[in-house]
Structures are given as C-alpha cells and as structure tokens.
Amino acid sequence: MNVRNAARAVIIKDDKLLLTKNKDAEGFFYLFTAGGQEHGETLHKALVRECLEEIGAEVEVKELLHIREYIGKNHEHASFDSDVHQLDYFFVCHLIEQSLDSVPILPDSHQVGIEWLDMKELSHYRIYPKELKGHLKKYNHLIPSPVYLGDVN
C-alpha cells in the first residue's frame, strides 16, 4: 500500500475555526477541509479544489502550519483504518470571498454541513485529528509551534 498525501485547510476568522461537520453512529464530529493529492497536482491546487467541493468557497493557501502522519493501525479506528498511511499537510488558508453561507458542492460521505467553531471552545467538540486542538488553542503567528506532529490522531 502506498503512502497518501492530503492537504488540509486551517481557516480561522474572528477567533473561529471553519470545519466540516460530519455525522456517524456516535454523533457529530468535525474535520478540517481536506483531500488527497492527485497525481500531477500540487498540494496547494489539491487544497483549493477540496475547499470548493467541501465548503463551497475559494481559498488562498498560505504557509504550511503542521505535518501530521497517520498510521491507522496505531490508533482507535484501527478496525477499519489499519491499512491507511497518510501524510496530512495543514496549511493556513484565507477565504477569498467572505461569505458565511457557502454551500458544499461535493461534500464527503459523512459530511452534513460546515460550521464555525469558537477557538476557545474546541475542547467541547469531537475534532480529528484530536492532537491539533491543543496546538490551535495556542496558535499565534509570533510563537513558533512544531511543524511535524508525528503519528497522531
């Protein structure tokens, strides 16, 4: 099995984080807008494409914030993710259009919408990867944080 690259958007505006809202048997969970990189496609182009599909908005991709490795067999979802090995590249993104009523044009299978979550309230939500919640709470352009987060969920 190959290692898959995926680009993920970190969109923060007015102390709120834009995530896709998803639903499974356990209830609602939130994900960073993201998608797999296709052959011949840059990570930036993959992320622009995925943002249009999942949040219905065009973004400007800025700096790389974090790299997360995910080896499925090492985490709580190993029963269905054991063969997954993925590198996620989290980029700071800015919405080009400031509309808050964007509609996904091609949502993921579990996606039920999009939602702006208050940065101070992230601990109250089921967000994946969980590890990022702590890093984002401390997010500040002036304070360096680790880029490579390792194999985390």
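Two residues are in contact when they have heavy atoms within 4.5 Å of each other. Among contacts in this protein between residues at least 6 apart in sequence, 71% join residues at least 24 apart. The model is predicted, so local features need pLDDT of at least 70 and side-chain atom pairs count only at pLDDT 80 or more, while totals for chains, interfaces and linings use all residues. Residues are numbered from 1 along each chain as its sequence is written, and side-chain values use heavy atoms, with hydrogens and water left out.

The protein has three helices and nine strands; helices (H or I, at least four residues) and strands (E, at least two) are DSSP runs, numbered from the N terminus. In order from the N terminus, the elements run β-β-β-β-α-β-α-β-β-β-α-β. Of the 153 residues, 46% are buried; buried means under 20% relative accessible area, exposed over 50%, and partly exposed in between, with a 1.4 Å probe and protein chains only.

A nonpolar core is a set of buried Ala, Val, Leu, Ile, Met, Phe, Trp, Tyr and Cys residues joined through side-chain atoms within 4.5 Å. The largest one has 17 residues, of which Ile11, Leu47, Ile55, Val59, Phe91, Cys93 and Leu95 touch the most other members. Strand S1 (4-13), helix H1 (43-55), strand S5 (59-71) and strand S6 (85-95) each supply at least two residues of this core, and the largest share, five residues, comes from S6. A second, separate core of 16 residues includes Phe32, Met119, Leu149 and Val152.

The structure holds zero disulfides, a disulfide being a pair of cysteine sulfur atoms within 2.5 Å. For Cys51, the nearest cysteine sulfur is that of Cys93, 5.3 Å away. Cys51 is buried, with a relative accessible area of 0%, and Cys93 is buried at 1%.

There are three aromatic pairs in the whole structure. Rings of Phe, Tyr and Trp (its six-membered ring) pair if their centres lie within 6.5 Å; planes under 30 degrees apart count as stacked, over 60 as edge-to-face and the rest as tilted. One of the pairs is Phe29 with Tyr128, which is edge-to-face at 6.1 Å centre to centre, with 65 degrees between the planes. Phe29 lies in strand S3 (residues 27-31) and Tyr128 in strand S8 (residues 127-128), so this pair ties together parts that are 99 residues apart in sequence.
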